[in-house]
Amino acid sequence: MALLDIQNLVVEFQTASGPFRAVDGVSLHVDEREVLAIVGESGSGKSVSMLAVMGLLPWTATVTADEMSFNGRDLLKMSPAERRKIVGKDMSMIFQEPMASLNPCFTVGFQIEEVLRFHMGMDKAQRRERAIELLTQVGIAEPAERLNSFPHQMSGGQCQRVMIAIAIACNPKLLIADEPTTALDVTIQKQILDLLVSLQVKYGMGLIMITHNMGVVAETADRVIVQYKGRKMEEADVLSLFESPKSNYTRALLSALPDNAVGDRLPTVSDMLFEPAAGVA
Amino acid sequence: MSIKVVEGKNIKRDYHIGGGLFRGARTVHAVKGVSFSVDKGKTLAIVGESGCGKSTLARIITLIDPATSGELFIDGNKVDIARNSLTKEMRRKVQIVFQNPYGSLNPRQKIGDVLGEPLLINTDKPAEERRDLAMKMLKKVGLGTEHYNRYPHMFSGGQRQRIAIARALMLNPSLLVLDEPVSALDLSVQAQVLNLLADLQDEFQLTYVFISHDLSVVRYIADDVMVMYFGEAVEYGSREEVFADPKHSYTRTLFAATPRADVASIKARLAKKKAA
């Protein structure tokens with residue numbers, strides 16, 4: 001059975017000029033121990049669909065779906081209080097900008113222990129011990145001292161590691177990583193990706209990787225969903241996506257990679273009409 | 001014969017961090033003796049991780065900050081902004097495009113004014129002429145004249161980066177410093193901006209100093225590559241040399257860290273995963 005199962009998800013925002021449909025009928029599922037990558041440019045609705053799953057969208061958004069279940073439980077029929085027990089514990093998310101998503105007013109240690117206090121009900125000594133263990137796991141040197149640091153005293157890569165530590169604190173079944181490496185440079189990116197994949201293998205988590213970087217997809221994913229303007233263009237396992245892309249949007253995206261450049265200019269993804277691959281929509 | 005547009009000899013830059021009540025003063029050596037030269041119409045790419053001094057070097061080349069020591073030549077003339085004040089003539093020769101198109105445009109300034117301002121400050125062209133030049137430049141970077149009266153928030157990231165490039169080109173510079181111009185952009189938009197840069201280089205014989213940490217972009221756009229590591233140029237050579245035979249261990253680390261998107265490496269990864 002799928003860990004997360006979404007059928008026909010639609011997210012609409014109320015705007016001054018009427019409703020705006022950000023996600024238009026996306027279906028996806030993730031199994032245990034599987035890495036799913038969602039690829040698309042900005043505005044393709046990839047982050048919004050995952051925020052809808054987490055229940056973190058503002059009140060202006062209307063979320064409808066034929067089905068949205070996590071681990072066999074229906075997320076749509078759940079009360080907010082029940083849902084908060086799952087979010088952050090069994091299903092957690094790493095947000096895009098590490099510097100902006102940590103609270104600048106509290107120490108890193110406080111923010112990690114906060115999760116443990118709410119979800120695991122640990123006492124103070126246990127929390128401290130687990131926080132040190134987590135920081136060691138994500139590869140931060142001198143974890144006991146670092147717990148007392150504030151986010152501004154750490155680098156972007158370190159903040160991202162802290163975000164990962166918070167997300168895996170309760171051993172979640174599903175981890176959603178929203179552009180986890182976009183703000184980082186290549187050497188740090190490699191370290192973070194290796195860390196995420198090793199944690200995923202070690203704990204058998206399901207991992208959803210949201211990204212626009214095809215290189216990151218190639219290095220981590222088992223299965224890939226390509227999204228464009230709120231619609232799913234293609235779904236395939238990673239090898240067949242790169243070998244023989246079905247949708248013309250995927251082909252355009254792949255040929256825009258500088259690695260694949262032939263000749264003087266790069267082919268671009270213009271506003272042509274893109275068709276979803278057969279059997280997807 | 002090729003003309004050297006910009007040349008640096010043994011450029012150093014130190015930052016002094018003043019001591020406070022509880023800590024002594026420190027000196028940070030941000031750039032430790034870097035030499036380079038770029039010929040007209042060519043692109044030099046500077047690669048390195050954050051904090052390696054590549055943006056400091058960019059600020060020195062753009063004549064924003066003076067170098068602590070070393071010599072900088074632009075179009076064959078020695079420039080030392082620490083000693084002599086900068087003439088408008090010099091100011092026109094070098095322009096910069098910043099990394100973040102969301103932060104480098106004034107949100108309260110219309111696009112037309114953004115483009116007209118370099119002319120207003122550095123030349124004595126009348127308002128009408130400034131307006132015409134701005135309109136022309138908008139078309140050149142792939143925007144329309146109807147964008148003249150709009151504000152930056154009405155544009156997407158890629159369009160804003162086009163505006164930033166247009167602003168840099170208003171004074172017909174001979175050297176354009178690009179500080180990570182595409183790292184904040186999506187893959188598809190990135191391709192458009194890189195194409196625009198290539199078109200402009202062909203048209204105006206521009207010289208680029210291109211700062212990036214994305215090796216796939218560097219491989220595509222650069223003629224020469226310099227790899228910086230902790231303020232030093234650890235590798236400097238033509239693109240083919242550096243990519244075919246990296247000498248320094250840091251360069252090799254950098255290559256190893258770059259994600260590969262070809263079918264062969266995906267197959268290798270999947271096979272490894274199956275075996276584990």
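# Note on selected local features

1. Arg161(A) is buried, with a relative accessibility of 11% (buried is under 20% relative accessible area, exposed over 50% and partly exposed in between, with a 1.4 Å probe and protein chains only). The model is predicted: local features need pLDDT of at least 70 and side-chain atom pairs pLDDT 80 or more, while totals for chains, interfaces and linings use all residues. Residues are numbered from 1 along each chain as its sequence is written, chains are lettered from A and ligands numbered from 1 in the order written, and side-chain values use heavy atoms, without hydrogens or water.

2. Arg161(A) belongs to helix H7 (residues 156-167) of chain A (helices, at least four residues, and strands, at least two, are DSSP runs numbered from the N terminus). Beyond its neighbours within four places in sequence, Arg161(A) is in contact with Val138(A), Gly139(A), Ile140(A), Gln191(A), Ile192(A) and Leu195(A) (contact: heavy atoms within 4.5 Å). The Arg161(A) side chain reaches the backbone oxygen of Val138(A) at 2.7 Å.

3. Helices H4 (residues 108-120) and H5 (residues 124-137) of chain A have axes that come within 9 Å and cross at roughly 125 degrees (axes are fitted to C-alpha atoms over the stretch in contact, with angles from 0 to 180 degrees between N-to-C directions). H4(A) is therefore oblique to H5(A) (under 35 degrees is roughly parallel, over 145 roughly antiparallel, 65 to 115 roughly perpendicular, the rest oblique). H4(A) contributes Ile112(A), Glu113(A), Leu116(A) and Arg117(A), while H5(A) contributes Arg127(A), Arg128(A), Arg130(A), Ala131(A), Leu134(A) and Leu135(A). By class, five of these residues are nonpolar, none polar and five charged (Ala, Val, Leu, Ile, Met, Phe, Trp, Tyr, Cys and Pro are nonpolar, Asp, Glu, Lys and Arg charged, the others, including Gly, polar).

4. Helix H8 (residues 186-203) of chain A packs on H9(B) at an angle of about 50 degrees, with the axes 8 Å apart. H8(A) is thus oblique to H9(B). Val186(A), Thr187(A) and Lys190(A) of H8(A) meet Leu254(B), Ala256(B) and Ala257(B) of H9(B). The residues of this contact comprise four nonpolar, one polar and one charged.

5. Phe255(B) sits in that helix H9, residues 249-257 of chain B. Phe255(B) has a relative accessible area of 18% and is buried. Leaving out residues up to four places away in sequence, Phe255(B) touches Leu215(B), Val242(B), Phe243(B), Pro246(B) and Arg260(B). Its C-alpha atom is 9.7 Å from that of Ser216(B), 39 residues apart along the chain.

6. Lys232(A) is placed in strand E11 (residues 231-237) of chain A and, at 10% relative accessibility, counts as buried.

7. Helix H1 (residues 46-54) of chain A has nine of its nine residues buried, so it is largely enclosed by the rest of the structure. Among these buried residues are Lys46(A), Ser47(A) and Ser49(A). Gly55(A) follows H1(A) and has a positive phi, near 75 degrees.

Notes:
A polar contact is a pair of N or O atoms within 3.5 Å; within protein, one must be able to donate a hydrogen and the other to accept it, and residues adjacent in sequence count only if both atoms are side-chain atoms.
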